[in-house]
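Colleague: I have just opened this one and would like to go through it with you. Could we begin with the overall make-up and then turn to the details?

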Amino acid sequence: MRKLLIYSAVIIICTATADFLTGRLGKYFTEQLPEYGDNLITKPNYALQHAKADILILGSSRAEHHYDTRIFQLQFPDTEIYNAGQHNQGMNYALAVLKSCIERKTPKIVFLDCEPEVLSEEKTAANTTLKTFYSVNNNVKSVLNETLKDKIVLKSGFYKYNGVILKLFLDSRLPKSEDTLKGFESLKGSLDTSKLKYEQPEFTSVISKAEKDFKEIISLCKKHNIKLYVVISPYYYHQNEMSLPYVRLSEICSKKNVSFSDYMNNSFFDSQPQLFHDINHLNEKGAILFTYRLLYDLHLTQY
Amino acid sequence: MFLLAASYFFYMNWEPFYALLILTSTVITYVCGNLMEKYPDKKRILLVLCLLLNFSILFFFKYYHFVTDNIFALLSYCGIRVGFPQIKILLPVGISFYIFQAAGYSIDIYRKTIKAEKDFFTYALFVSFFPQLVAGPIERAKNLLPQFHSFHRFSYDNFSSGAKMMLWGYFLKLCVADRLAEYTDSVYNNMQMHSSFSLIVATIFFTFQIYGDFAGYSLIAKGCAKCLGYELMENFRRPYLSLNVKEFWKRWHISLSSWFQDYVYISLGGNRINFVRTLFNLLITFLISGLWHGASWNFVMWGLIHGVYLIIYNVIIKFCGSPAYKTKTSKAFGILITFVAVSFAWIFFRSDNMNDAIYAIKEIFAFKGELFTGSKTVMLLSVTSLCILIAKSLKDEFFPYGISLRFGTKKIAVSTKILDNPHPAVKICAFVLLTCYILLFGALDSHQFIYFQF
C-alpha cells in the first residue's frame, strides 16, 4: 500500500507539473500568433483578439464560404467588413466573437448565419475552438464557464491545448500577412449530383445553452444598437421546416423582432447544383449570387 | 452485492428500463440452468426453451426491423402487400454480449462442463459484471463464476497491472481510434467527394481504428476488473501480425470467436465430419458471426467474406499442405496478405449499407484522384500514434522479453519492457509520459465505442 501511495504521488505530481507547463507554453504560443490568418487557429485568433468591423458576419463554415466580403465592400466602400464564420462552430463561438468585437469597436450591422439545427447542436467546452483562447480572452472565459465541470477542466493546460499545441507552436512562427478577403473563403468546383447521397438527420431537441447564447446575442445587439440579421443561407437539399430547433429559432426571432431571412429551401438555389461546392456549401459563384441576393432582399444598399 | 448493485447502476445510467432485460435474461438462464441439473432427462427441452427465450429478446430488440423490412421487400417483389407493425426500438447497449454470455452458461450446463450456480446474486453478477457488460469480453462461466466466490483483497500488483492495461487501453481508444476516426469519418461519410487513394487510406486507417477502439475497450475492461482483483480473458493478441486468416481469428475478438467455435461450429459438427461439410459449417458460423455484429446485409457480407477466406485457406491446406513460414520474407508476405484481406473485408463493416460498400470498392479500384490529407495536425497526431502502436506490437510480438546487444565480445541483455520495466524510474517515467501524451494528443471530445452498438 505504501508503495502504491508513493508511486501514485510521484505520478500525480509529475503529470500536474507537465499540465501546468503545457498551460504556460500554450498561452505563450497563443500570444505570439500573427494578427491575421485564415487557418483553424489563426482565424479565430484574429476574430477574437483583433477584429474591428462595421459589418460583422458570424456563423459556421457556411457563413465563412457564403458571405462574399468583396461584394459587401462594393456596396459599402468606406466601411470595415469582417467575415468571422468558422468551421464547425456553434452559437457560443458567435457570442464570444461578438462580445470581443464590441469591446474594440461596436459593429453597425451583424449577420448571424444559422444552420436550421443550430439550437440543437451547441458545442461544448470540449469540442469548440474557443477553449484554446480561454486563457487570453475574458469573453471566451465568460461564455465557456457555464458549469462547475467546465470551470474545473478548463484549468487544465492539457485540456485547453489538447490536440493543438503543436499547431499553435507552428502558427506562432508564421510570418505576418494581410487578410485581403476579410475572412471570406471561396470554394471551387461544383456539385456532382450523380454521386449525391444524403439522409437528413432528425433534430428533435433544443439545447438550452444554445438558446441562451442566441438570446444573449440578440440582447447584446439591442443594447449596442446593432442591426442584427439572422439568416439561413441556401442548402442544396431540402430541409425540414417542422424540426423543433428551426421552429424555435424562427419563433425567437419573431418574438424579439429580429430580421429573419430563410433561404434554406429556396427554389432558385436548390435547383442549381452548379452553384454548390457540396450539399451544404455554395461555391464561389453561388456565394457571389447569394450575397447580392441577400443584400438586395434586405434593401441594404446603404446603412 | 456491492458489485452487483454497481453493475446495475452503471447500466441504468444509460437507460433504466433496459436493466429489466438483463434481469429477465438472468432469471431465465438461472432458472433453466438449475432445472437442467435437477431434471437431467428434460435438459434438452429446457436448453431449447432457455435459448429460445434469450434469443427472442435479442431478435426483437436487434433484428425485428431487419427481418420485417426484408420480408416486406421480398413479398412486395412478389406482388404481395403485407404490413408489419412499425415499432420504435432503441437498441439496448451490449445486448448481444450479455445474451451470448448467458446463453454460453446454459450450454455449458447442458454439456456438464460446469455446475449450475445456486446463488442467484452471484449468477446475476456474472451476467452483469460492469467492466465487461457493454462490450465484452464475452466471459465463460468456468472462468468468471469461481472468481466471484472467492474474497478479493486489495493487491498492489493487481492494481498496478490493471492500471497499466487501462492506460494502454485509453491510448488505443483516444490516441489511435478516435484520431484515425476523424479521417475515416470525413472520407466514408462523404464518399462521393473523395478519391480512390483517400478511400484506400481511410480503409487502412479504419482497420487500425476498429482495432484501437475495440481492443482499447477490452483492455480498459480487463484492467478495471484486474484492479478489483478479477481476471478477464484476453480478447486481442496483435491480430494484424497474423500470418493467415485462420490465425487472425485466433487473435481477434478471441472471446467471441471462441464462443462461436465452441457453441456453433462444434455444435454443427465442427471438423469431425467430411471436408465439404466442415467448410459449410465454417461458412454458416461466419454468416451468423456477421449477423451478430449488426442487423444489416453489409455485416452479413463481412461475415461471408471471412467465411470464404477460411474456406480458401482450408482448401489450400488440404491440397498443398500447411505453409511453413520458414523465412522472414515468407512471414512478412503472410502478414501483408492477411492484412490486405482483412482490410478489404472491413469496407463492408464500415459502410452504412451494401450500396455504399459496393460504391467504395468501385471507387477504390478506379485508382484516380488526389489524396485528401485533411487537417495536417490531425494527420500528424494520427500517424504518430499509429507508429507507437505498430512499434509496440512488433516489440511485443518479436521481442517480448528483451534484446541482447553485442559490444565486442560482450553480450548485454536489454529489457524491452516499458510499462513493466523492473526499474521503478523507467516505469514511472513511461507511465507519466503516456498519461501526458493521451491527455495532450488524444481526442478527448469525441466518439462512443464502436462495439457498444452491438
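Predicted model: local features only at pLDDT ≥ 70, side-chain atom pairs only at ≥ 80, totals over all residues.

Colleague: What are the dimensions of chain A along the principal axes?

Modeller: The C-alpha atoms of chain A occupy a box of roughly 75 × 45 × 45 Å along those axes.

Colleague: What percentage of chain A is buried?

Modeller: Of the 303 residues in chain A, 55% are buried. As for contacts in chain A between residues at least 6 apart in sequence, 83% of them join residues at least 24 apart.

Colleague: Now chain B, please. How many helices and strands does chain B have?

Modeller: Chain B has 17 helices and 2 strands. The C-alpha trace of chain B spans about 75 × 60 × 50 Å along its principal axes.

Colleague: What does the globule rule give for chain B?

Modeller: For 454 residues the rule puts a compact globule near 22 Å, and chain B, at 23 Å, agrees with that. Buried residues account for 53% of the 454 residues of chain B. Among the contacts in chain B with a separation of 6 or more, 73% come from residues 24 or more positions apart.

Colleague: Let us look at a helix pair. How do α4 and α11 of chain B cross?

Modeller: Helix α4(B), residues 95-110, and helix α11(B), residues 254-265, have axes that come within 11 Å and cross at roughly 35°. The crossing of α4(B) and α11(B) is left-handed.

Colleague: Which residues meet there?

Modeller: From α4(B), the residues are Phe100(B), Ala103(B), Gly104(B), Ile107(B) and Asp108(B). They meet Leu256(B), Trp259(B), Phe260(B) and Tyr263(B) of α11(B). By class, this contact between α4(B) and α11(B) has 7 nonpolar residues, 1 polar and 1 charged.

Colleague: Are Cys78(B) and Cys320(B) buried or exposed?

Modeller: Cys78(B) is exposed, because its relative accessible area of 53% is over the 50% cut-off. Cys320(B) also counts as exposed, at 62% relative accessibility.

Terms used: Residues numbered from 1 in each chain as written. Chains lettered and ligands numbered in written order. Heavy atoms only, no water. Axes fitted to C-alpha atoms, helices over the stretch in contact; angles between N-to-C directions. Helix = DSSP H or I, 4+ residues; strand = E, 2+ residues; numbered from the N terminus. Left-handed = near helix turned anticlockwise from the far one by under 90°. Contact = heavy atoms within 4.5 Å. Nonpolar A, V, L, I, M, F, W, Y, C, P; charged D, E, K, R; others polar. Buried < 20%, exposed > 50% of the residue type's maximum accessible area, 1.4 Å probe, protein only. Rg over C-alpha atoms; globule rule 2.2 N^0.38 Å.
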